[in-house]
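Welcome, and please open your viewer. We will go from stop to stop, with something to select at each one.

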Amino acid sequence: MGSGQPSGGAAMRDAADRRWRPHMNHEITGTTLLVLGLGAIGEEVARRGAAWGMNVIGVKRDPSRYSGAASEVYPADRLLEAATRADSASPTTPPMPSTS
């Protein structure tokens, strides 16, 4: 690999040897992160994503009551619309019938 980072095989050997080195496969700055659920944990994920230069969008049951790190917030019934805009997603909702 031309990036100077270990290949996947090297990463596996490092793990087997209990050795840690950063293994970035791609740049996340400028990508869009979808956070599903903007409670305490989801907001922390959103805050960290924004700090890494990601465009953070979220899904929240009641987006009208949100103020935080996500630049846009969709209601749950527009989840698919939000998902089409995302490069990655982080589900942070609790396991319950309404979120499964």
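Start by selecting strand E1, helix H2 (residues 40–51) and strand E2 (residues 55–59): together they form a right-handed β-α-β unit. Right-handed means that, with the strands pointing away from the viewer, the path from the first strand over the helix to the second runs clockwise. Helices (H or I, at least four residues) and strands (E, at least two) are DSSP runs, numbered from the N terminus.

A word on the model: it is predicted, local features need pLDDT of at least 70, side-chain atom pairs count only at pLDDT 80 or more, and totals for chains, interfaces and linings use all residues. Residues are numbered from 1 along each chain as its sequence is written, and side-chain values use heavy atoms, with hydrogens and water left out.

Now look at the partners of E1. With E2, E1 pairs in the parallel sense over five bridges (pairing requires at least two bridges found by DSSP), and Thr 32 stands opposite Asn 55. Strand E4 (residues 88–91) also runs parallel to E1, joined by four bridges; here Leu 33 faces Ser 88.

Finally, zoom out: the protein has three helices and four strands, in the order α-β-α-β-β-α-β.
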